Amino acid sequence: MIRVQAKEIAEATGAELAHEGSRAVAGDAVIDSRQAKEGTVFVAFAGEKVDGNAYLAAAAKAGAAAVVASAEVAPDVLAACAAAGASVLRAKDDDCEAFLLALAAEQRRRHPEWLVVGVTGSVGKTTTKDMLRAGFGAVRRTHATAGNLNNLIGMPLTLLAAPEGSEVVVCELGMNHPGEISRLAGACSPALACVTTIGTSHIGILGSRENIARAKAEVCAQMRDSGPAAGDVARTLVMPSACDLTPFIADGFARPAGVAVELVGAREGDAVRAFGVRLDEEGLPSFTVRCADGWSREVTLNLPGRKVVDDYLIALALIWRAGADRDAATDAIERMEHTALRLDVRASDSGVRVIDDSYNAAPNSMASSLDILSTMACEGRRVAVLGEMGELGAEEEKLHGYTGAYAAAKGLDMLVFIGGRLADVMADAARAMGASEDAVHRFATVDDAVAALKPAFSAGDLVLVKASRAEGLDRFAKEVLA
C-alpha cells in the first residue's frame, strides 16, 4: 500500500504534477481503470489496443487519489479529475514503465523493515517463489508476487501492493533482455536472492546460455544488506551446485559484488543437501534434507517431479539465512498445492488424467515434465501432447529436435505434436529416435487435436500437455477434462 503525497510522487519519479488534488494516496497502484478505487494510483499506459489515457477521468471518479498520464492531458479531462479531487501527474518522458519502477524504488526506500527476497532463473522461478511465500508465511507476515507478474510492470505493482505490516516481500524477477533484471532488482534491492538454474529460455534474444547467466547475474550488483530493521541479513545468493554456470555467476558477479554464495544440491559441501530422493506412484518426491549446521528432517512434497526438490532446497536455504524456523516453513511447503497450468494433475469424468503444464515451456522444462509423465503411475497409455517453444532464436530447430528425440526415448505410448514447422521438427526427430509411425501424431491446431484425440482417450490414460503459453495448449487440457 502506498501512503505518500502527490508532490512526493512527483519528486521521486520526475513526473510533472499538473494538479494537486485533495484526496490522500492510500492504496495500491493499478493499470486498469476498472480496478481504481479510493486511495489508489491509476497509471495510464498507452497500449496498442487500449489507451489508458482515455480513462483518467473515469479512474478519478471511481476514487483514485492520483492519476498518471502518459500523454498530454486535455483541459476538460484535467478539470474532471480536479473536480473529483484527484491529483493529476504526467510521467517523465511519458514512460509509465519507468514511472512504476521509480515509485516502487521509493516505496522500498520507505520500508527498511522489509526483508526482500529476489527470485530469478530460467526454470522454477514461480514454484520457488510459491515455496518462499508458504515457508516464510508460516512464521512472518509475507507478501509475494501474484501469479507470474514478474516483469518491468508486474514486479513494481507487487512491491507497491505490499500490505502495511509486511515483514518479508518475495519478488519474482523475470526478463527477456539484458538490463531488465538490473532495473527490477534496482527497484526492490533484495538482501537475499537466488538463481534457480540457467537454461535456454530466451536464448533466441540473448544468444547463448552464458549471456543468459550474465543477465540473471545482474541481480548481484543491486543486492543490499537488510539492516537492523529487517534483522541484519547479509547479502546472500543461493544457487544449485549442479548447474554448470553457477561458478561463472559466483566468481564473476556475486563475490566481486560482496555477495555471499550458498550452494544447494546433492554434493559434498553444499549448504543444503537432499539425500535418497524417491518418487511415489504420483511422482511426488520424498527425501531427507540436511543443512550444514546439522539440522535434518524427512520431507515429502505435494508437487510432482525431481525438479521441485531443487526448488525446495533453494527456498529452504533462503529461509534459513533469514533466520526463520525451518521446520515450520517446511511443514507449510509440504502442504502446498499445484499452481494452475503448472504440473496440475486432474482427472476427467471419464477417468482420463491430465498433467496440465501448459503455462510455459523451454527444452529443460520439457524434459523435466516428460520425466514426470514417465514415472507416474498409469493404468492406461502415457501420452505427451507437446507444442512449440518460443524465443529460441537460431537454436530453435536444434532444441526442438532434441525435445522430440528425448520424448521418443521415454518410450511413451503416444506422442502428439501441435503447431507449425517446429512441431514437424519434433515429430521428425521422434521418428528418427525410433518412435513408430503409429505412436507419432501431428496436428496443425489445438482444435484439430481435440477433435481427433478426445474421443480416443480412455479411462486410465495419463496425458501431459506442455508448450509455450502462446501456443494455447491450455485449451486442449480444458477440452479433454470437460
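Predicted model: local features only at pLDDT ≥ 70, side-chain atom pairs only at ≥ 80, totals over all residues.
**Helix pairs**

- Take α11 (residues 307–321) and α12 (residues 326–334) to begin with: their axes come within 10 Å and cross at roughly 145 degrees.
- The crossing of α11 past α12 is right-handed.
- On the α11 side the contact uses Y312, L316, I319 and W320, and on the α12 side R326, A329, T330 and I333.
- Six residues of this α11–α12 contact are nonpolar, one is polar and one is charged.
- P363, M366, A367, L370 and D371 of α13 meet L399, T403, Y406 and A407 of α14, a set with seven nonpolar, one polar and one charged residues.

**The largest pocket**

- Its lining has 50 residues, with S122, K125, R342, Y359 and N360 nearest the centre.
- Helices α5 (125–137), α7 (180–188), α11 and α13 each give at least two residues to this lining.
- By class, the lining has 16 nonpolar, 20 polar and 14 charged residues.

**The second largest pocket**

- This pocket has a volume of about 490 Å³, and T196, T197, A242, K307 and D310 are the closest to its centre among its 26 lining residues.
- β13 (260–265), α11 and α13 each supply at least two lining residues, and the largest share, six residues, comes from α13.
- The lining divides into 10 nonpolar, nine polar and seven charged residues.

Key: Residues numbered from 1 in each chain as written. Heavy atoms only, no water. Axes fitted to C-alpha atoms, helices over the stretch in contact; angles between N-to-C directions. Helix = DSSP H or I, 4+ residues; strand = E, 2+ residues; numbered from the N terminus. Left-handed = near helix turned anticlockwise from the far one by under 90°. Contact = heavy atoms within 4.5 Å. Nonpolar A, V, L, I, M, F, W, Y, C, P; charged D, E, K, R; others polar. 1 Å grid on protein atoms, 1.4 Å probe; cavity = no way out; pocket = protein on both sides within 12 Å on 5 of 7 lines; lining within 4 Å. Points joined across faces, edges and corners; volume = space filled by probe spheres on them.
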